Amino acid sequence: MSSTDTIIIGGGHNGLICATLLAKAGQKVMLVEAGESLGGLARPREFHPGFKASVAQTLYALPKSVINALDLGQHGFIPSNETLTTTALSLNEPPVTLAGSTIAGACEADTAAFTGYKQQLAVFSRALAPFWSKTMPRIGATGLQDLMTFGHLGLNIRKLGKADMLEFFRVATLPMRDLVDEHFTGESLKAALCWDGVLGSQLAPRSPNQGVLTLLNRMAGHWEGEHYAPVGGMTAFIDALASAATAAGVTLRTGTSVTQITITGSEQGQRCSGVKLDNDEIVTSERVISSADPKTTFLKLVGPRHLEIEFSNRIRRLRSKGYVAKLHLALSDLPKFTGLETPSGRLILAPSMDTIEFAWDAAKYGELPELPVMEVSLPTLTTPGDAPTGQHILSANVMYIPGELKEGWTDTVRKKLTAQLIAQLDGYAPGIKALVLDSELLTPDDLQQQFGVWGGHWHHIEPAIDQLLMMRPTYEAAQYATPIDGLYLCGAGSHPAGDISGNPGRNAAREILS
Ligand SMILES: Cc1cc2nc3c(=O)[nH]c(=O)nc-3n(C[C@H](O)[C@H](O)[C@H](O)COP(=O)(O)OP(=O)(O)OC[C@H]3O[C@@H](n4cnc5c(N)ncnc54)[C@H](O)[C@@H]3O)c2cc1C
């Protein structure tokens with residue numbers, strides 16, 4: 001048996017960030033990661049000899065404040081200032097390319113509307129940005145700090161001025177479709193503009209409530225939501241996080257799973273006393289902080305017998321079904337996409353908002369869409385070292401692929417879907433099929449098995465209005481502390497949500513130190 005001040009479960013970016021900040025504040029911290037290496041869903045791994053990719057492969061939501069709090073620059077992190085373009089691709093329309101607030105290839109009316117649209121969203125995103133890095137007040141709390149958080153939000157929105165404030169209230173909960181329909185006419189352009197509002201969630205363009213808020217949250221990163229590949233790729237980013245943790249004195253243990261969070265009961269109630277590891281070793285600690293998703297943390301590692309029935313029911317009911325699959329292709333050469341000189345940046349293969357909606361319609365019933373929609377990129381254009389010289393990786397986020405497939409996931413289904421996706425890509429990049437050396441398809445079911453994320457959900461749990469803010473993951477655990485003394489959460493299942501933002505990890509550390 002060994003002992004430490006703090007145990008962090010999970011070495012994804014949030015676990016690493018929380019661990020580093022606590023160690024910097026003087027705590028003795030041990031981080032335990034089940035995978036063979038660090039990074040969670042952003043962990044770089046070889047999927048074919050010489051070809052290295054990570055499931056999460058671009059940055060957009062990571063704020064400067066997190067980069068600065070960890071001095072990541074001192075540990076080799078360089079957030080490239082060359083942001084990635086987003087290109088709407090369609091077999092029926094010419095490509096439309098977006099770069100910041102500029103647009104190329106669209107009709108005159110859409111071109112005229114775009115800059116104003118982007119600037120308006122940026123204004124709203126800046127007003128909301130401070131709230132992603134705050135601890136949400138407890139429901140019913142009337143303390144000064146809680147009132148100040150609400151007051152700050154109100155003031156920021158009031159400071160928008162009357163016209164913008166009214167417009168913010170009007171659009172904040174609109175379906176993405178209604179928002180973009182008001183401004184644009186191009187079908188593939190509208191689909192691409194919806195993409196960042198719905199990606200990773202159980203939402204499609206017609207879904208009400210949180211599409212616009214998700215988009216505004218994503219725009220709060222370093223380059224106002226523009227995607228970028230860090231210099232040296234995700235390997236350099238994860239190495240920088242690991243280096244910051246090591247320099248702060250965190251003990252990093254990879255290839256080790258926590259099998260149980262140990263609970264000691266007394267007349268004063270339940271207290272978390274440490275963890276049990278997969279080699280049966282017990283490590284005791286003053287606190288345990290879990291970056292694993294809430295269902296894994298409470299239902300698997302704590303166990304319902306230590307939880308109030310109402311709380312465990314709330315955790316059980318959390319919606320956490322993932323619908324994004326990752327396709328990796330090892331390519332012998334750079335593919336040629338029709339209409340593009342180079343396939344740089346993000347390519348959105350969704351001809352219209354209806355195509356996105358129809359793909360979701362099938363997935364909601366546990367079926368595979370007839371025409372999946374995809375976000376494609378070639379990370380080796382920015383990080384050539386991740387594949388042998390002259391060869392490339394194609395990485396695609398494929399929506400909507402249900403983790404719980406009605407017919408069940410088998411190798412035959414995986415192979416059939418992979419062949420369908422490659423054939424679909426061949427329509428946009430004729431000849432790509434012949435360049436494929438190998439492929440890997442990670443369904444949400446595979447993400448659950450390989451990365452320990454319940455349901456394989458992008459955000460650990462759905463960022464729906466009833467699972468956000470002071471309700472994330474439930475109202476009893478929304479301030480990072482949980483109903484069990486000494487047990488905290490710090491992963492994507494906590495406020496504000498998933499993406500590589502580091503906000504849950506940083507916020508949890510601040511709460512624990514306060
Ligand atoms: C297909 C896909 C593509 C994505 N692409 C992007 C992208 O390009 N950019 C972006 O910003 N976001 C992306 N995301 C979202 C992003 O990856 C997640 O929201 C983010 O990784 C969550 O970070 P985290 O640190 O909270 O958790 P995770 O990254 O899930 O890390 C949690 C860690 O905990 C470990 N763990 C779990 N249980 C245990 C246990 N019992 N013992 C020890 N360790 C344990 C796991 O092994 C894992 O390493 C993507 C998600 C998906 C599904």
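The model is predicted. The protein is divided into domain 1, made up of residues 2–42, 62–75, 231–319 and 460–513, and domain 2, which covers residues 114–218.

**Arrangement of the domains**

- Between the C-alpha centres of domain 1 and domain 2 the distance is 27 Å.
- Domain 1 contributes 21 residues to the contact, and domain 2 contributes 18 residues.

**The interface between the domains**

- The size of an interface is often expressed as the accessible area that is lost when the parts come together.
- Domain 1 and domain 2 bury about 1,700 Å² between them, and 54% of this area is on carbon and sulfur atoms.
- On the side of domain 1, the residues that lose the most area to domain 2 are Glu462, Met470 and Gln479, which together account for 31% of what that side buries.

**Polar and charged links**

- Twelve residue pairs are in polar contact between domain 1 and domain 2, counting pairs with both residues at pLDDT 80 or more.
- The side of domain 1 that touches domain 2 consists of ten nonpolar, four polar and seven charged residues.
- One salt bridge is found across the interface of domain 1 and domain 2.
- Asp499 and Arg218 form a salt bridge through their side chains, with an N to O distance of 2.9 Å.

**The ligand and its surroundings**

- The side chain of Glu33 places an N or O atom 2.7 Å from an oxygen atom of the ligand.
- A polar backbone atom of Trp458 lies 2.8 Å from an oxygen atom of the ligand.
- For Ala492, a backbone N or O atom is 2.9 Å from an oxygen atom of the ligand.

Technical notes. Residues numbered from 1 in each chain as written. Predicted model: local features only at pLDDT ≥ 70, side-chain atom pairs only at ≥ 80, totals over all residues. Heavy atoms only, no water. Domains from an automatic or database assignment. Contact = heavy atoms within 4.5 Å. Buried area = accessible area lost by both parts, 1.4 Å probe. Salt bridge = Lys/Arg side-chain N within 4 Å of Asp/Glu carboxyl O. Polar contact = N/O pair within 3.5 Å; in protein donor to acceptor, adjacent residues only side chain to side chain. Nonpolar A, V, L, I, M, F, W, Y, C, P; charged D, E, K, R; others polar.
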